[in-house]
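Hello,

Here is the structure for your files. My notes on the ligand sites follow below.

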Amino acid sequence: MPPKKSRARSDAVYKFPDGFINLSVNLNKSFFKPQPETLIEDQIVVIEKFFASDLCNELIRSFEKQLTLETTPIIKSKEYAVRFNDRCSLTDFKSAEILWNYLRSLLLQQTEYEDEEIDKIKDNFSAACGLNPQLRIYRYRSGHHFNPHYDESVVCPLNDKGTSKGKTKWTLLIYLTGDEEFKGGGTIFHSEMGGTESLNIHPGKGMALLHKHGDDCLLHEAELVKSGVKWVLRSDVAYPL
Ligand SMILES: O=C(O)CCC(=O)C(=O)O
Ligand SMILES: [Fe+2]
């Protein structure tokens with residue numbers, strides 16, 4: 001039987017650049033430690049400059065060189081959010097672990113002073129056990145968007161032997177472009193009260209955003225990109241079953 005044709009998957013071949021593999025090593029050598037900040041308590045946490053600009057550019061170059069991104073069609077169905085962008089999915093346990101170790105050390109970092117906000121973030125993430133190894137790469141070009149939707153919680157394997165599993169509770173988005181690199185393209189969170197208030201987050205380059213998903217997910221969308229290119233690396237934070 002011929003091998004199954006995979007859709008925009010490049011599991012075996014893609015190799016993350018050294019700057020990514022050495023994230024934690026480089027953090028230990030650096031004076032600069034990116035700081036988590038709460039935008040909505042128990043719902044949205046951001047970390048500015050989570051990835052340095054050079055790493056973002058290195059990642060984008062390597063994605064462009066090594067991956068085939070598939071343009072998703074607009075799905076006109078009640079079941080699916082209407083999404084239109086270029087995407088690719090990789091299952092990579094080792095890279096998910098590298099990214100988790102780095103993210104975890106920033107979320108749970110020691111502070112010299114007492115801070116309720118930081119303590120709340122620690123409460124939310126101290127029990128987490130890893131990242132979903134399904135890493136998704138999105139490229140939104142001009143006209144691309146992702147209509148309002150909720151992200152689901154899923155059960156995912158945490159090692160390649162399948163002996164450890166986790167349940168995802170937070171979405172992780174890392175914006176590899178930001179600031180002036182694209183117009184439009186904010187991640188918009190809508191108020192649950194049915195009100196008109198919404199929060200439009202235009203990311204800084206390299207920013208990470210965590211938002212709670214599953215039953216507690218806020219309705220959110222990716223605003224249409226008007227110009228430039230928005231690149232995102234996505235995973236999910238998993239907890240013991
Ligand atoms: O690209 C964005 O700004 C949002 C992406 C998103 O909502 C998702 O991956 O579920
Ligand atoms: Fe989403």
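**Ligand 1 and the iron site**

A polar side-chain atom of T187 lies 2.5 Å from an oxygen atom of ligand 1. For K230, a side-chain N or O atom is 2.7 Å from a ligand oxygen. For R234, the distance from a polar side-chain atom to an oxygen of ligand 1 is 2.9 Å. Polar contacts here are pairs of N or O atoms within 3.5 Å.

The model is predicted: local features need pLDDT of at least 70, side-chain atom pairs need 80 or more, and totals for chains, interfaces and linings use all residues. Residues are numbered from 1 along each chain as written, chains are lettered from A and ligands numbered from 1 in written order, and side-chain values use heavy atoms, without hydrogens and water.

The shell around ligand 1 (residues with a heavy atom within 4 Å) includes Y138, Y140, F146 and L173. H149, D151 and H220 also belong to this shell.

Those three residues also hold the metal. H149 (NE2), D151 (OD) and H220 (NE2) coordinate the iron ion (ligand 2) at 2.0 to 2.1 Å. Donors are N, O and S atoms within 2.8 Å of the metal, or 3.2 Å for Na, K and Ca; water is not among the atoms, so the site may look incomplete. The donor spacing in sequence is H-x1-D-x68-H. D151 sits in the loop between β8 and β9 (155–157), and H220 in strand β15, 69 residues apart. Strands are DSSP runs (E) of at least two residues, numbered from the N terminus.

Best wishes

Terms used:
Polar contact = N/O pair within 3.5 Å; in protein donor to acceptor, adjacent residues only side chain to side chain. Helix = DSSP H or I, 4+ residues; strand = E, 2+ residues; numbered from the N terminus.
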